[in-house]
Protein chains: 2
Amino acid sequence: MALLVQKYGGTSVGSIERIEAVADKVVAYKDQGNDMVIVVSAMSGETNRLVALAQEISPQASGRELDVLMTTGEQVTIALLAMALEKRGYAAKSYTGGQAKIVTDNNHNKARIKSIDHQNIQRDLDAGRIIVVAGFQGVDEESNITTLGRGGSDTTGVALAAALKADECQIFTDVDGVYTTDPRVEPEARRLITITYEEMLEMASLGSKVLQIRAVEFAQKYAVPLRVLSSFEEGEGTLITTDYETDKTMEQALISGIAFNRDEAQLTINGVSDTPGVAYQILGPISDANIEVDMILQNVGADGSTDFTFTVHRNDYETAMASLEKTANQLKAREVRGNNRIVKISLVGVGMRSHAGIASRMFEILAREGINILMISTSEIKISVLVDEKYLELGVRALHEGFDLKSE
Amino acid sequence: MALLVQKYGGTSVGSIERIEAVADKVVAYKDQGNDMVIVVSAMSGETNRLVALAQEISPQASGRELDVLMTTGEQVTIALLAMALEKRGYAAKSYTGGQAKIVTDNNHNKARIKSIDHQNIQRDLDAGRIIVVAGFQGVDEESNITTLGRGGSDTTGVALAAALKADECQIFTDVDGVYTTDPRVEPEARRLITITYEEMLEMASLGSKVLQIRAVEFAQKYAVPLRVLSSFEEGEGTLITTDYETDKTMEQALISGIAFNRDEAQLTINGVSDTPGVAYQILGPISDANIEVDMILQNVGADGSTDFTFTVHRNDYETAMASLEKTANQLKAREVRGNNRIVKISLVGVGMRSHAGIASRMFEILAREGINILMISTSEIKISVLVDEKYLELGVRALHEGFDLKSE
């Protein structure tokens, strides 16, 4: 018998039939003797319908009123799921974010959870009720309705699991777990049984869309075991936890997965004089334009001048290039170059920490396939390389094979 | 400068265009220097859409979860109207029933308001904000969401007006006021400038659909001046108030209006022995079947036996007849008769109190037209007669003419 927090996303509750299917799933867990807290999103399509209504009135609608509008989406789902559970003869009770006392700051549309007073939910759990909580929403300290931003239902689930000291937070989604890499690129990709929070964070930040980064960070901070499972198929999914907690550590592979990101663009400014503050002069205007910079590389050239390279999201390429050209004029740089047809491929694995030679083996595998590396960046558990976009599939498959990640 | 509470129903906010039109109307009142509190219903169609979703899951959905579901309807409207007001450059703030601290009992789907803590709204009004409140909803003392039942938005408006000591509660609807009678029956019907609460209550209970009875009762109890106006046309509408408050009292007509009700059915049991308790023996089974009885008449016949007649809603006719036939057997009654092709026509007016002869004049007018009266009932400010349904239009028009109610 355990206390489980389960989160079902918009696709999983996208129709009455699917809500009924979720209810069947939930009562099966309840029948096994578990205490159940269910977090749901708005039915798929509902959020877009509400956004369209707001847009029709004003593209500049205030954050406060947008939140009042958008939160009706999950409120519909909690009522319908609670009804479906009651129909099956189970005591159920729905909670809006406010009723669940999920208190956030007052940053409308992207609020952060400050506290959860879980007393009422705990009392209802003790009385044998199944709890259904609206994801993605809370209230600020003055009872204004807030939202955690899109995808914030994962965060609601993890935060509730932490507050209730749940045994597991289970995120039901349309994939059946976390894979060594995207199966659409490498059909032999393998579902991972476990992965660490750190690895999952790297995977998520590198473009794996399975989980929201904030939810994983939250889970790590409060040591909430997090499991990703499919709403539509049976299976164990992937458990995300600390590396030392799992008994799989002994046989932990060096590499957990290969992530990639297609949305990269690279900009280079050549022949800038190597004086203090030059990096700030180059990147200041970029960050002032609210463009996020990912990889940064600075080389001192033979003549004592500097070459400076960085990457941005492909959508920001034009704006960043315009800004950089202006800077180049001011700095009397020799040249500005750019490339928005590049991708980033990353190896992720906590095993890297204790094993040297991962990077050189990666470079060797890529070289064998004739793939030129444009840029490299490393962290403690990740090595990323930038390559021409035409090499994406080839590179991912070669690394997947080379690091022996495929299914048995 | 006044404090106005305005209520706009589902048709008035039934589309984005209509919400924009309401916003235009509201800012015009605001520009005249009024403090504005706006109560809105769900967009027309939305309530039915939500009911259909619930029905699909369970026709026996619990009241609590139905209320969670249904209240999303008004929550959408308050957000959209607040956005439309903000777009026009006005500070606006939406309030759900819970945020407005409209506390009700816990009778889900038909809750009654217990208290309103209007401090927050008053503070926002003082800061110059236009307040937009979700009608029809509140919370019980444990923060469960409740609804006041269909049409309850009128009650929300009146209750807020009472709490805030507003100068007037204005109900915007699809008619431009209260008429001497239904203009579809008598084209010369005249809009009333004022009418008393008592008269309005009689009109409403007799089938005039302009206002909810509960809202009028509430307004009378707290002496809130209530005005009915059109959402779509300009005009003063009809002011509902106490008779002594209006300076129109002097020239108050004897009769304010003629109401009628098409949904009547009459049942008679003849030749019952006139013993104590016979009325209870007849009506007990009817009320046990949850059938509401309207007019009741008991006559002692020549032979000492009793004839007993009563009316019910036409929808309940078959059930009531079956029950009455069973009773007739037990009581060895001579005969049971029924008629479900009858209507009720009523004269309403506080002027009746001080003027004798209204009833006889009414009967005279009907007799002149050859209309046979099947049953009569009177109250202090109302005389109702039951007639064959084919005489409805003729009777209404003759009385409208005879009591000189038509437009100048």
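How many residues does the contact take from chain A and from chain B?

1. A word on what you are looking at. This is a predicted model, in which local features need pLDDT of at least 70, side-chain atom pairs count only at pLDDT 80 or more, and totals for chains, interfaces and linings use all residues. Residues are numbered from 1 along each chain as its sequence is written, while chains are lettered from A and ligands numbered from 1 in the order in which they are written.

2. Now the opening question. The contact draws 25 residues from chain A and 25 residues from chain B; two residues are in contact if their C-beta atoms, placed from the backbone, lie within 7 Å. On chain A's side, the elements giving two or more residues are helix 2 (46-57), helix 3 (63-70) and helix 4 (72-87). Helix 4 of chain A supplies the largest share, eleven residues. Helices (H or I, at least four residues) and strands (E, at least two) are DSSP runs, numbered from the N terminus. By class, the residues on the side of chain A that touches chain B are 14 nonpolar, seven polar and four charged. For these classes, Ala, Val, Leu, Ile, Met, Phe, Trp, Tyr, Cys and Pro count as nonpolar, Asp, Glu, Lys and Arg as charged, and the others, Gly among them, as polar.

3. Have a look at helix 3 of chain A next. Seven of its eight residues are buried, so this helix is largely enclosed by the rest of the structure. The buried ones are Arg64(A), Glu65(A), Leu66(A), Asp67(A), Val68(A), Leu69(A) and Met70(A). (A residue is buried if 20 or more other C-beta atoms lie within 10 Å of its own, exposed if 12 or fewer, and partly exposed in between, with C-beta atoms placed from the backbone.) These buried residues pack against helix 2, helix 4 and strand 8 (145-147) of chain A, and also against helix 4 and strand 3 (92-95) of chain B.

4. How do helix 3 of chain A and helix 4 of chain B pack? Their axes are 8 Å apart, at an angle of about 160 degrees. Axes are lines fitted to C-alpha atoms, for helices over the stretch in contact, and angles run from 0 to 180 degrees between N-to-C directions. That makes helix 3 of chain A roughly antiparallel to helix 4 of chain B; angles under 35 degrees count as roughly parallel, over 145 as roughly antiparallel, 65 to 115 as roughly perpendicular and the rest as oblique. Glu65(A), Val68(A) and Leu69(A) meet a set of residues from helix 4 of chain B, including Gln75(B), Val76(B) and Ile78(B).

5. Inside chain B, helix 1 (residues 16-31) and helix 4 (residues 72-87) have axes that come within 9 Å and cross at roughly 55 degrees. That makes helix 1 of chain B oblique to helix 4 of chain B. Among the residues making this contact are Ile19(B) and Val22(B) of helix 1 of chain B, and Leu80(B) and Leu81(B) of helix 4 of chain B. The contact divides into nine nonpolar, no polar and one charged.

6. Ser231(B) sits in the loop between strand 11 (226-230) and strand 12 (238-241) of chain B. Ser231(B) is buried, with 21 other C-beta atoms within 10 Å. Leaving aside residues up to four places away in sequence, Ser231(B) touches Tyr8(B), Ser12(B), Phe172(B), Thr173(B) and Asp174(B). Ser231(B) and Ser12(B) are 219 residues apart in sequence, yet 6.1 Å apart in space, C-alpha to C-alpha.

7. Two backbone angles deserve a glance. Most residues other than glycine have a negative phi. Lys165(A) has a positive phi of about 50 degrees although it is not a glycine, and lies in the loop between helix 6 (153-163) and strand 9 (168-173) of chain A. With 11 C-beta neighbours inside 10 Å, Lys165(A) counts as exposed. Phe136(B), also not a glycine, has a positive phi near 80 degrees. The loop between strand 6 (130-134) and strand 7 (137-139) of chain B holds Phe136(B), which counts as buried with 29 C-beta neighbours inside 10 Å.
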